[in-house]
Structures are given as C-alpha cells and as structure tokens.
Amino acid sequence: MLSDKKIGFIGGGQMGEAIFSGIVASGEVKAADVHVTDISAGRLEQLHEKYGVTTHLNDDANTGALEIVKTADIVVFAVKPQFARPVLAGVSGAFRPQQLVVSIMGGITLDFLAEYFPKNPVLRVMPNTPMLVRKGVAGIAANQLAQGEYAQLGVEMFNLVGRSYLLPENLIDPLTSVSGCSPAFAYLFIEAMADGGVEKGLPRDMAIQLAAQALAGSAEMVLQTGKHPAQLKDSVCSPAGSTIVGVHVLERGGFRGTVMNAVTESCDKMIEVGKKA
C-alpha cells in the first residue's frame, strides 16, 4: 500500500511540487515520508515550510539525490528532459532492484530509461499541473518489470491527485498534448472570455471568476453526464439565440481547427524533445 511507502522526488520544480503537494494533501501519505531534493537551498526551505516534506540539498556529488535513492521505496525523477542523462547516470548505480522508478520527464521513453534501470520496475508518467489542487490527469506506461502490483501502485499514487490512466506507451505523447499542455490553453480561453466581459463592463476579478467557474462547470458536465460535448453544446444553443451567434463567431475564426493544431503540434514537440535527450 502507498501509505507504507517512502516517496522521493529528484527535482523540486513546479511539476514535482504539484504531485507531492497533492499526495500530502490527500492524507494518505505522511509529509515526513515524502523526500525532495533540489539544487536550491531556498527552494527546499520553501517546500519544507509549506508542506512539511523532508528535504535534501543536492550538490555536484549528487549527495541529496543519492540520499533519496537510499531512503525511498518509490523514486520520482522530476527534472527537465535535457538533464535526464547526467541525472540518471549520477544515481542509477545506487538503486536496489525492488525500487520503483517513476519518470515524469517529458519525451523520455521506457527504452531510454532501460539503459539506466535494466533490473527495475519503471513507470513513465505524464502528469499535469492541476494535481496541485488534486484535479490532475496522468497517463502511465509500465515496463515489463512494472506490470501488476507496481503499475497499480502508480495508479494508486496518481489517483490521489486526480485521475490516472494505464495505457500503452505509444499513447503517452498524445495524452500529454491533450491533458498536459491543455491547462495553458484553458487559461488562455478563461483570460479571453474574461477580457470580453471586461469590455462589456464587468469588473476584472469578477469576469475571471465567472469564466473560470463556467469552464469548470462545463467540464464537470462532460465528466458526470457522459454525454458527447457536441450534444451538451447543442443543448445550450437556442434557435436564433445569443449562444449560437457566439459559436458561429468561433467557427468563423477557426477555433476548433486552431485548438486541434495546438494539440497535435504540442505532441510533435514532445516527441522531438525526447529524441534530443
């Protein structure tokens, strides 16, 4: 069970914080059992004060990262993909075979990770930042040694901070472009809707709250009803009403095609980043 495990994070950046803060907030894992290492002492102090996690300062000798490997049952690599090789090379030799390796490094494949962890169960995970408020999405691909209980441990862990999906690795990059990049697209949409409201006289703070709540409620309608988004859209568009006029404007501007391009080109970029690692 996850509550019996110590979980280590190599990298204390935004995505790592989104995950371990949500795990701690769930109450299923003690803050003291979450270990984080980073090269910034200030950052670690901030994380410890905010969440109560155990921190280890990393240095050129990988002191903090090696302490994480020594201590944790599950080790999460939460560094930028361009730093994958030196980070993995610096600590992989210290791993025990039964330790679960979790990578959230974008574009880094299971084959890539197998070079460093040929005897370990490995999960390649693509999370997103809404895990900070336990509304995230994660795609999980498992290597051969991580099938069964290890994969389920990963699912249990990421279900604490949202919803997780166990899927073939070839679907990880498409999932990333839909759920990993899309919060930024959603924020743009919220901002744009709020700008429209401000133009018509709404106070800025109110306009942002209205737009965000409308988007959150619409998303929840899709999740709870199981209806196709087009069906829900049609139910809002009264004949000759204001909503269908707005939909027409969006269609005229290429809204759907632009969003589709954003998703597919984000996916292509993720694949490119992985090849350069």
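**View 1. Contacts of Ser103 in a predicted model.** Leaving aside neighbours within four places in sequence, Ser103 is in contact (heavy atoms within 4.5 Å) with Phe77, Ile108, Leu113, Leu123, Arg124 and Val125. Ser103 sits in strand 5, residues 100–103. Helices (H or I, at least four residues) and strands (E, at least two) are DSSP runs, numbered from the N terminus. Ser103 has 0% relative accessibility, so it counts as buried. Buried means under 20% relative accessible area, exposed over 50%, and partly exposed in between, with a 1.4 Å probe and protein chains only. The model is predicted: local features need pLDDT of at least 70, side-chain atom pairs count only at pLDDT 80 or more, and totals for chains, interfaces and linings use all residues. Residues are numbered from 1 along each chain as its sequence is written, and side-chain values use heavy atoms, leaving out hydrogens and water.

**View 2. Helix 7 against helix 8.** Helix 7 (residues 172–180) packs with helix 8 at an angle of about 25°, the axes 5 Å apart. Helix 7 is therefore roughly parallel to helix 8, the term for angles under 35 degrees. Axes are lines fitted to C-alpha atoms, for helices over the stretch in contact, and angles run from 0 to 180 degrees between N-to-C directions. Ser177, Val178, Ser179 and Gly180 of helix 7 meet Ser182, Pro183 and Phe185 of helix 8. Buried residues of helix 7 are Ile172, Asp173, Leu175, Thr176, Ser177 and Ser179. The buried residues of helix 7 pack against strand 6 (122–126), strand 7 (136–142), helix 8 and helix 12 (255–276).

**View 3. The salt bridge of Lys50 and Glu17.** A salt bridge is a side-chain nitrogen of Lys or Arg within 4 Å of a carboxyl oxygen of Asp or Glu. Lys50 pairs with Glu17 in this way, the closest N and O atoms being 3.9 Å apart. Lys50 lies in helix 2 (residues 41–51) and Glu17 in helix 1 (residues 14–26), so the pair ties together parts 33 residues apart in sequence. Lys50 counts as exposed at 56% relative accessibility. Glu17 counts as buried at 11%.

**View 4. The salt bridge of Glu115 and Arg85.** Here the closest N and O atoms of Glu115 and Arg85 are 3.5 Å apart. Glu115 lies in the loop between helix 5 (110–114) and strand 6, and Arg85 in helix 4 (residues 84–91), so the pair ties together parts 30 residues apart in sequence. Arg85 is partly exposed, with a relative accessible area of 35%.

Methods
Parallel < 35°, antiparallel > 145°, perpendicular 65-115°, else oblique.
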